[in-house]
Amino acid sequence: MDIRKIIEEMTLEEKAGLCSGADFWHTKAVERLGVKRITMSDGPHGLRRQEEEGDHLGMGGSVPAVCFPAGCATAASFDRELIHMLGEELGEECRAEGVNVLLGPAANIKRSPLCGRNFEYFSEDPYLASQMAANYIKGVQSKGVGTSLKHFLANNQEHRRMSSSSEIDERTLREIYLAAFEEAVKESKPWTIMCSYNRINGTYAAENKKFLTDVLRGEWGFDGFVVSDWGAVNNRPADLTAGLDLEMPGSFGMNDEKIIEAVKAGILSEEALNTAVERILRIVEKSYAVDKTAPYDKEASHALARKMAGECMVLLKNEGVLPLSKEDKVAFIGEFAEKPRYQGGGSSHINSFKTESAWDGANKAYVTYARGYFAGEDKTDEALIKEAVEAAKAAKTAVVFAGLPDSYESEGYDRSHMRMPDCQNALIEAVSEANPNTVVVLHNGSPVEMPWINKVKAVLEVYLGGQAVGGATLDVLYGDVNPSGRLAETFPIQLEDNPSYLYYRGEGDTVEYREGIFVGYRYYDKKKMEVLFPFGHGLSYTEFSFTNLKLSAAEIKDTDTLEVTVDVKNIGSRAGKTVVQLYVSPPTGDVIRPVRELKGFEKIFLAPGESKTVSFVLSKRAFSYFDTEIGEFRAPSGEYGIEIGASSRNILQSASVKLTESKSRRLKVGMDTIFLDVLKLPDAMPLVNEIVRKMDVADAGSAESMGEGAAEMVESVLGYMPLHAMVSFSGGKVTFADIEDFIRRINEGGDF
Ligand code: BGC
């Protein structure tokens with residue numbers, strides 16, 4: 001395709017037309033110039049391809065497909081290879097179905113457990129979210145199919161999602177909300193990015209030039225097209241100027257007309273329109289660089305979905321009851337054993353070609369089933385509980401399959417609390433009283449409160465594990481697969497503990513992110529707050545040792561990289577995978593920072609007795625915070641902890657590195673600068689002494705009369721004193737001219 005030539009030949013109407021969809025899932029073709037349409041489909045954890053007519057709410061039908069574990073689960077795998085494989089699989093499915101761009105992954109930060117769409121999102125941690133997104137994108141795109149990384153930016157709740165404004169300070173945006181997208185964009189180059197519905201600091205994402213153009217393209221080098229979330233456009237010419245190329249699903253030509261009028265009126269330059277057209281055409285061209293393939297093997301894909309689900313499950317608690325023995329009498333209790341909840345509602349809803357429950361795969365010679373509750377209604381049914389209690393009493397182990405029903409979490413609305421249905425809590429209480437060996441298997445897309453936690457022996461979090469979740473649950477319960485998932489989010493004891501609790505959902509359309517950078521474990525760890533299960537937590541059936549943590553240097557400059565190695569050994573008797581988590585703990589200096597932040601992770605498989613050395617390479621960004629004064633990430637000089645942990649609360653090995661910042665900022669001293677800051681300049685002392693002597697304040701008598709602590713007091717009074725105050729405090733002995741001279745000399749003092 002000679003794209004430049006095509007643009008030259010396109011009429012203004014054709015160009016404006018190309019910038020909006022032909023229908024729900026297609027762009028427009030320009031047949032006379034040989035421009036074909038492209039097909040987009042949801043995503044993220046399966047393919048929801050609809051025939052020509054469609055909807056974006058997950059209500060209409062779609063082609064039968066394979067539903068893989070949702071983002072909440074795949075993130076818990078902490079496994080780049082696994083999510084890359086998921087991407088490849090989806091890419092192949094797209095190829096077979098003629099889909100050119102898959103609408104996913106969704107990298108939004110889990111700010112609150114209440115967000116209705118948390119099940120689609122990866123983590124409360126931006127590094128983990130971005131890494132998972134990057135590898136998903138690489139997998140899909142390796143098959144010649146594009147992705148749409150979404151929802152850019154700061155779409156962290158469903159409540160009023162099309163009008164609310166996420167009010168976020170710059171540092172928090174950079175370190176948390178942008179960071180969740182940043183590495184994914186830089187490292188994996190998604191073909192497209194979907195802007196979110198909401199506003200950010202007052203400006204709609206769709207018309208936010210700062211993020212769509214300056215950051216995305218200018219700073220991160222994004223070169224694909226930006227598509228609106230479905231219906232997110234509100235001012236088409238302004239959006240286009242800001243960097244929004246494609247409006248989906250379109251506005252029946254009405255917004256195209258506005259583009260034409262704006263170009264004719266000189267409000268919108270034709271160059272800007274040409275740029276958007278060119279970006280879209282480049283993706284059209286890429287889309288047709290690969291052919292549609294033959295139908296793909298859904299059964300094989302189902303088997304993969306089962307394998308993946310097993311690797312995502314998180315064993316939260318286990319007091320010696322798991323794995324189960326295949327010869328033990330076990331009672332499966334709860335409707336989810338028979339009809340698991342395995343995906344969430346909304347645009348990601350997959351028409352699964354088949355599903356597999358734990359009860360389907362159970363060996364009925366040893367396992368019994370009791371329904372326990374009706375998933376659709378939260379009404380405690382005494383007869384069902386009685387039946388469950390009897391089943392539990394007759395078994396060695398009772399496994400309650402519980403979690404959140406569909407209506408509790410979905411795209412489109414938020415949860416109003418973090419509790420499970422009362423009927424399920426009551427069932428767990430009753431069963432655990434009847435049988436001391438009670439295990440709970442949880443199906444949910446976001447944390448829940450567990451009032452019964454001390455009464456049960458084990459809890460297995462299977463999240464929304466996709467259509468094969470039942471089989472995968474059996475694999476883990478019976479020990480055919482060693483559990484190796486780790487929490488990608490903290491489970492607080494109660495909702496009120498969550499850092500966003502006081503301001504979540506906001507007032508009207510204003511949602512203030514007042515917890516700032518202290519999202520998830522960054523907050524709980526800083527507050528030393530007790531949590532139900534910390535970020536990174538997950539148990540195993542075997543045991544691993546972490547030893548011999550080594551750093552490639554004891555001292556580095558911020559321009560250097562640091563290599564970190566640690567030996568991991570399987571010291572248990574079963575083969576299995578584990579996750580090595582690396583946290584960086586910044587120095588406690590002038591800047592307010594989290595206690596530790598995840599900056600590396602690796603998942604490895606080890607046979608019993610086997611050991612491997614795992615290595616990480618850290619560069620400046622791993623040590624940095626965003627300095628809003630200079631508008632850059634910087635790593636201040638100091639001693640940084642390098643920690644290997646089994647969770648953010650369980651650090652097993654630690655070392656430290658002394659980092660020196662190569663380009664320190666020069667403090668510009670002025671009349672308002674306080675002495676404390678002046679004294680931080682390395683060669684300021686002689687000049688300070690000179691002027692302080694002139695003040696002649698060393699009247700020891702008055703200090704003594706102030707009693708104990710007077711010296712400290714005088715020191716801090718001086719320390720906190722701005723330079724201009726020397727005039728009054730010295731009784732006029734120091735003049736403004738003296739201070740100006742002092743300032744000039746100190747500012748000439750070189751680059752500190
Ligand atoms: C959702 C997107 C989705 C789109 C198309 C929107 O409502 O927010 O995630 O890709 O619809 O279905």
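Strand β12, which spans residues 397-403, is mostly covered in this predicted model, with seven of its seven residues buried, where buried denotes under 20% relative accessible area, exposed over 50% and partly exposed the range in between (1.4 Å probe, protein chains only). Helices (H or I, at least four residues) and strands (E, at least two) are taken as DSSP runs and numbered from the N terminus. In a regular strand the side chains alternate between the two faces of the sheet. From β12, Thr397, Val399, Phe401 and Gly403 point one way, while Ala398, Val400 and Ala402 point the other way, and all are buried. The model is a prediction in which local features require pLDDT of at least 70 and side-chain atom pairs count only at pLDDT 80 or more, whereas totals for chains, interfaces and linings use all residues. Residues are numbered from 1 along each chain as its sequence is written, and side-chain values use heavy atoms, with hydrogens and water left out.

The pairing of β12 was examined on both of its partners, two strands being regarded as paired if DSSP finds at least two bridges between them. Strand β10 (residues 330-333) is joined to β12 by four bridges and runs parallel to it; within this pair, valine 330 stands opposite threonine 397, and isoleucine 333 has valine 400 as its bridge partner.

Nine bridges join β19 to strand β20 (residues 597-606) in an antiparallel arrangement, in which lysine 577 stands opposite phenylalanine 605. The pairing of β19 with strand β24 (residues 638-647) is also antiparallel and extends over five bridges, with glycine 641 of β24 as the bridge partner of serine 585.

A further open sheet consists of three strands in the order β16-β18-β21, with antiparallel pairing. Its edge strands are β16 (544-551) and β21 (611-618), each of which pairs on one side only, and neighbouring strands of this sheet are turned by 20° against each other on average, direction ignored. Strand β18 (residues 562-570) runs antiparallel to β21 and is joined to it by eight bridges; among the paired residues, glutamate 563 has valine 617 of β21 as its bridge partner.

A polar side-chain atom of aspartate 42 lies 2.4 Å from an oxygen atom of the ligand, and for a polar side-chain atom of histidine 151 the corresponding distance is 2.7 Å. In the side chain of arginine 161, an N or O atom is 3.3 Å from an oxygen atom of the ligand. The protein covers 100% of the 310 Å² of accessible area that the ligand has on its own, as computed by the Shrake-Rupley method with a 1.4 Å probe, only the protein chains shown counting as cover for residues.

Glutamate 356 lies in the loop between α13 (335-338) and α14 (358-361) and counts as buried because its relative accessibility is 15%. The side chains of glutamate 356 and histidine 302 are joined by a polar contact of 2.5 Å, a term that denotes a pair of N or O atoms within 3.5 Å; within protein, one must be able to donate a hydrogen and the other to accept it, and residues adjacent in sequence count only if both atoms are side-chain atoms.

Technical notes:
Axes fitted to C-alpha atoms, helices over the stretch in contact; angles between N-to-C directions.
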